[in-house]
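Here's a quick walk through a protein chain and its ligand, written with modelling work in mind. Take a look at the structure first, then read on.

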Amino acid sequence: MNKEKIREYGLEIGADAVGFASIKDYRSKKSPDPESILPGVKSAVVMAYRENSGSLDSPNARISFASRMGCMELGNKNNYLMTRFIEKEGKTKAAPIPFSYPLNMGPEVMGLVGDFSLRHAAVAAGLGVFGRHNLVIHPVLGTRVVFTAILTELELASDEPVKDDLCDQCSICVEVCPGRALDEEGKTDAIKCLKNSQPYGIMSMMKYYSKFIGASPEEQKKLLKDPLLLNLYQAQFIGFYYECYKCMASCPACVK
Ligand code: B12
């Protein structure tokens, strides 16, 4: 089974770009060993999906997330289809990496490290380079791109790496970050980013319930009508719900 057959199938099911990385070229120091996901893994197939500009640029965060939900649904569905395609046609094993979650919530990483780093995989698969915002910039899609991957036992050579430095260090992303999470070069301050980008995440939930537990019965009745509780409720069935996309949306790289 060759790379072109896999690439053609990936594009046919809706990916905007497909790249290949030999597992030897995947270097993500903080991530678990890919062998712990698929023993005998030899390579990764990485698929890229374009975020829609109207939603990414919308001042309404719910509309921005609507595009993300589409990417997540299509990405996870395609991961399943591609895994099945490789296993059937290549008579081998393959394993899909989730778009984002579930994540390891154990005390060593607390949901901040994925089982497989899609950014490092995308770089190894010739789909882009890291920018000042610590996101991967694709030569055509720019920063308006998200990724999924499938690990496989098939031996597939890495695609040509992107050689151009697509980030001109304009630092717009650093300046527009409302949480100042990108101030230190080469590192995203995850807590600063999360506080701002996931206002209905676990930190808000802990704050709300701590307040609720300590409140009088009268105050508790009021707290049950707090819009924050409604937002927390909604976020629970959406998943990790983001309200900030500024580092992605502000990046001028490759935007036509
Ligand atoms: C956990 C997570 C987060 C955490 C960050 C934790 C962290 N330190 O990475 C939080 C919640 C903060 C987060 C935020 C965001 N995330 Co996020 N996240 C993930 C997830 C699930 C795992 C990432 C991981 O394992 N990180 C830990 C390790 C691998 O990171 P690391 O080795 O420390 O590398 C860091 C730095 O060292 C640096 N780095 C590493 N090597 C190099 C090399 C160079 C040259 C440079 C400059 C930097 C650099 O980049 C990393 C950022 O801190 C991935 C999906 C996945 N499975 O990969 C999505 C993912 C990385 N997120 C993504 C996105 C889009 C976002 C947000 C824009 C939120 C949003 N609204 O969508 C912000 C962007 C924040 C930013 N500018 O960095 C996309 C990135 C797409 C892209 N174009 O690069 C991913 C790949 C999801 C996807 N399926 O596409 N995320």
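The centres of domain 1 and domain 2, taken over C-alpha atoms, sit 35 Å apart. Keep in mind that this is a predicted model.

| Domain | Residues |
|---|---|
| domain 1 | 3-162 |
| domain 2 | 199-238 |

Now for the packing. The largest nonpolar core has 53 residues, and the members touching the most others are Ala44, Val46, Ala121 and Ala149. Several elements give two or more residues to this core, among them strands S1 (17-22), S2 (43-50), S3 (94-97), S5 (136-137) and S6 (145-152).

What is Ala121 in contact with, leaving aside its neighbours within four places in sequence? The list is Ala21, Tyr26, Ala44, Val46, Phe116 and Ala149.

On to the ligand. There are 36 residues around the ligand, and Gly114, Leu118, Leu135, Val146 and Thr188 come nearest. H4, S6, H6 and helix H10 (246-249) each supply at least two residues of the shell. Which element gives the largest share? That's H6, with four residues.

Definitions and conventions. Residues are numbered from 1 along each chain as its sequence is written. This is a predicted model: local features need pLDDT of at least 70, side-chain atom pairs count only at pLDDT 80 or more; totals for chains, interfaces and linings use all residues. A nonpolar core is a set of buried Ala, Val, Leu, Ile, Met, Phe, Trp, Tyr and Cys residues joined through C-beta atoms within 7 Å. A residue is buried if 20 or more other C-beta atoms lie within 10 Å of its own, exposed if 12 or fewer, and partly exposed in between; C-beta atoms are placed from the backbone. Two residues are in contact if their C-beta atoms, placed from the backbone, lie within 7 Å. Domain bounds come from an automatic or database domain assignment. A residue is near a molecule or strand if its C-beta atom, placed from the backbone, lies within 6 Å of it.
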